[in-house]
Amino acid sequence: MDHAVKAEGLTRRFGDFTAVDRLDLAVAPGEIFGFLGANGAGKTTAIRMFCGLLAPSEGEAWIDGLSLSRSAEAIKQRIGYMSQRFSLYDDLTIEENIEFSGGIHGMPRAEIRRVGAALTARLGLERARGRLTREVPLGFKQRLALGCAALHRPRILFLDEPTGGVDPLARREFWDLIYETAAEGTTVFVTTHYMDEAEYCGRVSIMVRGRITALGSPAQLKRQTGGATMEEVFLRVVEGGGERGGILPAADGAGGASANGAMGPGANGGKEPNPGGARGEEA
Amino acid sequence: MKRLLAIARKELRHILRDPRSLLVALVMPAAMVVLYGYGIDTELRDLPLGILDEDRTEASRALIRRVLASEFIRDAGRIERRAEIEPAFRRERFRAVMVVPPGYGEAELGSSGARVSRADPARIQALSQASLPASNQAQVQLLIDGADASTAAIVESYLRAALAGAGRGAGEAGAPPADPRVRILFNPELESAHFIVPGLVAVILIMICALLTSIAITREKETGTMEQVLTTPVRPAQLVLGKVAPYLLIAIADAILVLAVGRIVFHVPMRGSWGALAGYSFLYLMVALGLGLLISTVARSQRVAMTVALVATMLPTIILSGFVFPFASMPWPLQALGRVIPATYYLPIIRGIMLTGRAWYPLEGAVLAGMAVLLLALSIRRFGTRLEA
């Protein structure tokens, strides 16, 4: 069976800076895969390559068995993407946002209406359908964005730090929705730096300086690193540059990588500065 | 097509949800017509003219009467001595002074009884240089305030015209007076509004169109929604066309509005076919859209896009295309620059259609079509479906 996401030697450089360095990865269909890493470790760059937003400098990846370099447009039919900036239009109503998400995926109107109604019902937003999105609380917006990204039933859903800036309850509700989506057969590939969220994932990888230095289920990683929680696991892996973790050979002894407290819940508002300045305006 | 419609519908909602911006986009052009129509008025009325009559003969008084009969000249008083002229100018009592030298009457009588031709105030007369030879002692002298050079030039030609009508060149005795009656076709009153309003359509269309499209696209880059859209199977052409279609409608509405104001307020005629005007204007709009899109592929923020769009469209279109300053009178480097500006080709078309009724512009049309294809192809190519530029 094809992997949902597979990468071999996937590399992306911005000038002299290597944001993603020879990434190897395989995610099975139906998995909830946590893609962890400190700020600037290269998570967003990697996810953008998977979604066809950035061209790899080297290496290859396959999404749902399709080659990224040869079938970029076919891949776009099969994926859903939600960025850290939960891309809804603030000046459109909830209903209009749903309609647009379905429309650009080429869904028939009747289906958009049906799926959209189910989504608003699921979120408890039936009576707010005509409200402008900017008036809706952040937690709802994020779940709505997830729903919109998954409206066309993608085979793989890429979520890039979807839960920045909301309280634990809202995050919990968001994850309920992820589980429901995954239960329908969608592979979920999610980046986060909330370590409690890492516990919800089937498997996680931890990225340090553009490379994956640990990979396994949360239980496995705890056992291998001796950490009691994912937070401890993360600290050990990141500080040891992967060596102490010993799960995967590290490229170099990246001691003291910049993990200073950024993975605590709420720290830094869930925003990750762009590696290599792919979008200069965030600076 | 479905995707294109989804994008266009969404874009239309953005526009309708922001009625203030829409109002600006529609009211600003109409206001511009009124301002420019009245402001760029190259006609002269009530020019304060001072007169120094050193001749004091019947002939000189007759000349003065006739010059003052001209509707654009106002009698601002008499001067007694030449020494008074300069102080009077400094006090801005006059914009021009006419000096009738001693001996004017004699020269006039000596000129074999040539008739004095009457000024026809309803018709502007153009003059040959021969009417005011500088050497003759008995020649009427005109002194014009040159501080405002362009007004001075207009004043000069008006006064020459008035003189040609009122007296006659006293230089060539015996020769029949040169009385070139130039009939101005198509815009007989030389109403500047008739000239300006079609030009304004050219300025407004390219400005609004380039500005709105470039802003609409950079806004999505700024908010990050572009990223989302680019991960979907939408093709660049669908995205671009869907996004610009609603702005095309606004630009068309603006053009109609400007023409309507021109017609109602300034009585700008329409002598040609509306179909031809619509066709060529559409070509021109495509050029404007291409320009706006190209700007949006370069600019990363709305502010940059707005600045670039305004600088790239408004100033060159107003200054270099022949909108205000005649293209033919520009020095060649500016003409060369002007040749890459779309309005340089659109202006003769819209002015021609509206004022002369000519319908067929193969050269200008071909250049506009070429520009449109080039710009649209380039911007859609550059747009791509990736984030990186």
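Visitor: What share of the residues in chain B is buried?
Guide: Buried residues are 39% of the 389 in chain B. Keep in mind that this is a predicted model.

Visitor: How many helices and strands does chain B have?
Guide: Chain B has 14 helices and four strands.

Visitor: And which share of the contacts in chain B with a separation of 6 or more joins residues 24 or more positions apart?
Guide: Such pairs account for 85% of those contacts.

Visitor: Over to chain A. What is the strand order in the open sheet of six strands?
Guide: The order is β6-β7-β8-β3-β9-β10 in chain A, and the pairing is mixed.

Visitor: Why do β6 and β10 of chain A each have one side without a neighbour in the sheet?
Guide: β6 (79–82) and β10 (211–216) of chain A are at the edges, each with a single partner strand, so one side of each has no neighbour in the sheet.

Visitor: By how much are neighbouring strands turned against each other?
Guide: On average by 15°, with direction ignored.

Visitor: Do β7 and β8 of chain A pair in the parallel or antiparallel sense?
Guide: Parallel, over five bridges. β7 covers residues 156–160 of chain A, and β8 covers 187–192.

Visitor: Which residue in β8(A) is the bridge partner of A:F158?
Guide: A:F189.

Visitor: What does helix α6 of chain A lie across?
Guide: Helix α6 (residues 168–183) lies across β3 (32–37), β7 and β8 of chain A. Helix α6 runs at about 155° to β8(A).

Visitor: Which strands does helix α9 of chain A touch?
Guide: Helix α9 (residues 230–239) packs on the sheet and touches β3, β9 (203–208) and β10 of chain A. The direction of helix α9 makes about 35° with that of β9(A).

Note on methods:
Residues are numbered from 1 along each chain as its sequence is written. Chains are lettered from A and ligands numbered from 1 in the order in which they are written. This is a predicted model: local features need pLDDT of at least 70, side-chain atom pairs count only at pLDDT 80 or more; totals for chains, interfaces and linings use all residues. Two strands pair if DSSP finds at least two bridges between them. Helices (H or I, at least four residues) and strands (E, at least two) are DSSP runs, numbered from the N terminus. Axes are lines fitted to C-alpha atoms, for helices over the stretch in contact, and angles run from 0 to 180 degrees between N-to-C directions. Two residues are in contact if their C-beta atoms, placed from the backbone, lie within 7 Å. A residue is buried if 20 or more other C-beta atoms lie within 10 Å of its own, exposed if 12 or fewer, and partly exposed in between; C-beta atoms are placed from the backbone.
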